[in-house]
Every structure is written in structure tokens, then in C-alpha cells.
Amino acid sequence: MSTARHPNLEDAFAPSGRGAGLEGLLQPRRATQTTPTAPEPGEVMGEPAAADTPLERNKRTRRAAGNTTQASSGQALNVAAYLPPATLAAAQREKQATGEQYADLLARAFDDVDEQALRATFAPQPATSSGAGMPRRAVRARGAAGIQRQFRLTAEQRDWLDEQVRAYDAPSRSAFIATVLGLHFRTLTQQ
């Protein structure tokens, strides 16, 4: 290949002395221990030694303690749900009238909604057949398009909600929330 067709890019990729004036400003990194530690006196030879070093064990303990503190502290987490327009309008009216948050409305809706009506909403509908041809599949309730709203729930509330989603065999957390609020505000038929 000729150099006339392709320019020499050697200088473009050469190291520059641009950061030379900054050298020595930061302290060097501490060297990490790479040599294996001696087995503890109580360890039996032949058994696999624990891969945990005291530093790793300490990090994992702190991380686990941090997660527990966050979950049990009652800190609110955002849980998104897509509400149909009629249900959202009813929830907004109720929120303005009572001054409650969406999470409070949801908790009240769970207290108000009939369990049998909720179970019937998520029960698969029997397949309808025209008699000839391919059999139809059973139709299941699923989430619908809607407008997203954030529900500020604690980790405990979110875990409880997830258990309810599994217990009622709902297609998603969002669909379950929309259905509960729709039954509570009697807007489920308007969807």
C-alpha cells in the first residue's frame, strides 16, 4: 500500500505529555494482599478453606445490614402502576377530597374490595367455540394501557402486594393495582 492513499496516524495515537504536571499529586494505591493466608490452627487439612478473608466478610456483613436497615426503616419506594383514565380521574378526585396519597387510597381500596369479585376478575374466562374449527384458548385478564402513577410503598407493603399478585394469579403488579382501584371506585366496567 502506498502512503499517499493512507495518512500516517502514528502521531495521533502516541502518548501525550498532557498530564505530566499532575504526576505525584495523588497518593499511590495500597497494594492488595495476593499471598494466601496460613490456615487457622483449628482447620483440618484436606477440607476446603473458606474463601472469605476477614475484609470480604466484613464488607458482606455491612452490605447485608444496610439492606435490612433500608427495608425495615419504612423508607418509601416507588411502585409504578398504569391506571385507566376513568380510574385515574376517580383516584385524583378522591385524593383531592381527602388529602391522602395514592398509597393511602390503595390501602383503603384493599380494605373495601370484595375478595370474591377480585378473584373472579382474574379467573380465566372459558373458551368460546363456534363448534367447528380450531378450539379457542381461554381468555385471561391482563394489564391495559393507562397513565402511569407512582405509589410510594414501604418494602413491607411492596412485598405484601407481590404476594397478593401471586395469590390472585394477576398478570402484573400494575394490572392488580388498577383492578383493585377500579373495583373500589366502580370504574372497572368503564375501561
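## Aromatic residues

Five aromatic pairs turn up when the whole structure is searched. The structure is a predicted model. One aromatic cluster is formed by Phe110, Phe122, Trp160, Tyr168 and Phe176.

## Helix 3 and helix 6

Two packed helices are described by the angle between their axes and the distance between the axes. Helix 3 covers residues 102–112 and helix 6 covers residues 173–185; the two pack at an angle of about 65 degrees, and their axes are 9 Å apart. Angles of 65 to 115 degrees count as roughly perpendicular, so helix 3 is roughly perpendicular to helix 6. The crossing of helix 3 past helix 6 is left-handed.

On the side of helix 3, the contact involves Leu105, Leu106, Arg108, Ala109, Phe110 and Asp112. Helix 6 contributes Phe176, Ile177, Val180, Leu181 and His184. Sorted by class, this contact of helix 3 with helix 6 has eight nonpolar residues, one polar residue and two charged residues. Phe110 and Phe176, both in this contact, also belong to the aromatic cluster.

## Helix 2 and helix 3

Helix 2, residues 85–98, packs with helix 3 at an angle of about 105 degrees, with the axes 10 Å apart. Helix 2 and helix 3 are therefore roughly perpendicular to each other.

From helix 2, the residues in contact are Leu88, Ala91, Gln92, Glu94, Lys95 and Thr98. From helix 3 they are Tyr102, Leu105 and Arg108. The contact of helix 2 with helix 3 is made up of four nonpolar, two polar and three charged residues. Leu105 and Arg108 of helix 3 take part in this contact and also in the contact with helix 6.

Notes: Residues numbered from 1 in each chain as written. Predicted model: local features only at pLDDT ≥ 70, side-chain atom pairs only at ≥ 80, totals over all residues. Heavy atoms only, no water. Phe/Tyr/Trp six-rings, centres within 6.5 Å; stacked < 30°, edge-to-face > 60°. Axes fitted to C-alpha atoms, helices over the stretch in contact; angles between N-to-C directions. Helix = DSSP H or I, 4+ residues; strand = E, 2+ residues; numbered from the N terminus. Parallel < 35°, antiparallel > 145°, perpendicular 65-115°, else oblique. Left-handed = near helix turned anticlockwise from the far one by under 90°. Contact = heavy atoms within 4.5 Å. Nonpolar A, V, L, I, M, F, W, Y, C, P; charged D, E, K, R; others polar.
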